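Here are a few friendly notes to read beside the model. Please keep the 3D view open as you go.

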Amino acid sequence: MGVTALGWTLTVAVILGLLALDLLVGVVRPHAVGFREAIAWSAFYITVAVIFGLVLAGIVGWGYGTEYFAGYVVEKSLSVDNLFVFVIIVSTFAVPQEHQHKVLTFGIIVALILRVIFIALGATLLAFFSFMFLIFGLLLIWTALQLFRHRDQDPDVENNVLVRATRRLLPVTDEYDGGRLITRLDGRRVLTPLFVVLIAIGGTDILFALDSIPAVFGVTDEPYIVFVANAFALLGLRALYFLVTGLLDRLVYLSVGLALILAFIGVKLVLHWAHVALDPGVPEISTPVSLAVIIGVLTITTIASLLKVRRDPAARAHASVVTRGKPRSAETRTRRRQGSDG
C-alpha cells in the first residue's frame, strides 16, 4: 500500500485518542454502564470503523477497502468470542459492576499491544518465509477443529496457569478494595482479586492474539490493514460487552460458525502457499469471496442460534476458545454467575 509515516502517525493518533476516551469514561468516572449507553457507544465505534473503511477505500481503492472490511468482520466476530471469556472471568471472580469497565479497558489495551507485536512478527515471517502461509493455514485449521470439538465446554479460568501461579507466588486477598490492585491486610501489602482478574484477562489476550492474527493475515497481507482492522474491532469491544452480555448465551452456534470461518481462512492460506510455492495453476480464493463467505456464515449462525433458542429456551452457548486446561461444566458456570449476581 505504501502507507507514509504521516499516515501511520495519524492512524495511531486516532486510535490512541479513542483509547484515551475509553479510559476517561471507564477509569476516571467508574460506573455501571446501562443498556442505552452501551448502544450509543457501540453505534459510535461501528460508525467510526465504517467511516474509516470508506475513507481508506476512497484513497487507496476498493481492493484494499474490501480487504479492510473483510479483516474487520473477521476480527469483530472473533472479538465476540473474546467477550464470552471476559464474561466468564468477570463472573467467576465476581467483579463489582462499577469496575468491570476498568477491567475491559485494560483488556483492550493489552490486546492491542499484543496484536501490534504479533502483527510485526507475522508480517516479517511472511515476507521472508513463504512457507509461513502454510504454517498459518494449518494452525487455523487445527484451531477450527479444536473449537468445534470443545464447542460445548467453557474454560475454567481459575485453573489458568498464570492465575494459579499468581495465587501461589504472591499474597492475594479474597476481598475487593474498591478499584485498587494492591491493599493492606494486617499491616502488609497484598494483591486484591482485581489484580488476578487482570492477569487472567492478559493471559486470555495472548491466546486470542495467537489465533486472530493468522486469521486476519488470511484475508490481507498488508500489515497496515491488519493493524487497523484489529484496532477498530477491539475498540468497540468494551461497549459491545455491556450491550450483549445478556444475549451472548443465545448464540448457541457461534462456536460452530467461528470454526467454519477459521477453517475456511486456513484453507485459503494453504491454497495461497501452494499457488506461490508449488504451482501457479492452484486456484486462490479472492477477498470478495472471502468476505461473502464470512458474512454468510455469521448470518446463518445467528439465525440458526435464535431459532434454536426459540425452540429450546434452555439451550445456552459456550465460550468457543480452544480448551486449554480443565473445562468447567455448565452447572458450575451457572452457579458462579448466580453467585456473582447476588
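1. First, the ground rules. This is a predicted model, in which local features need pLDDT of at least 70 and side-chain atom pairs count only at pLDDT 80 or more, while totals for chains, interfaces and linings use all residues. Residues are numbered from 1 along each chain as its sequence is written, and side-chain values use heavy atoms, with hydrogens and water left out.

2. The protein has twelve helices and four strands (DSSP runs, numbered from the N terminus: H or I of at least four residues for helices, E of at least two for strands). Of its 342 residues, 50% are buried (under 20% relative accessible area, 1.4 Å probe, protein chains only).

3. Take contacts (heavy atoms within 4.5 Å) between residues at least 6 apart in sequence: 80% of them join residues at least 24 apart.

4. Now find Ile 46, Val 50, Leu 54 and Trp 62, which make a nonpolar surface patch of about 370 Å². Helix 2 (residues 35-60) gives the most to this patch, with three residues, and Trp 62 lies in helix 3 (residues 62-92).

5. Finally, strand 2 (residues 182-185) and strand 3 (residues 188-191) pair in the antiparallel sense over four bridges (pairing needs at least two DSSP bridges). Arg 184 has Arg 189 in strand 3 as its bridge partner. This hairpin has two residues between the strands, and Asp 186 takes a positive phi near 55 degrees.

Note on methods:
Patches are made of residues with over 30% relative accessible area and no salt bridge: like charges are joined within 9 Å, nonpolar side chains (Val, Leu, Ile, Met, Phe, Trp, Tyr) within 5 Å. Accessible areas come from the Shrake-Rupley method with a 1.4 Å probe; for residues, only the protein chains shown count as cover. A salt bridge is a side-chain nitrogen of Lys or Arg within 4 Å of a carboxyl oxygen of Asp or Glu.
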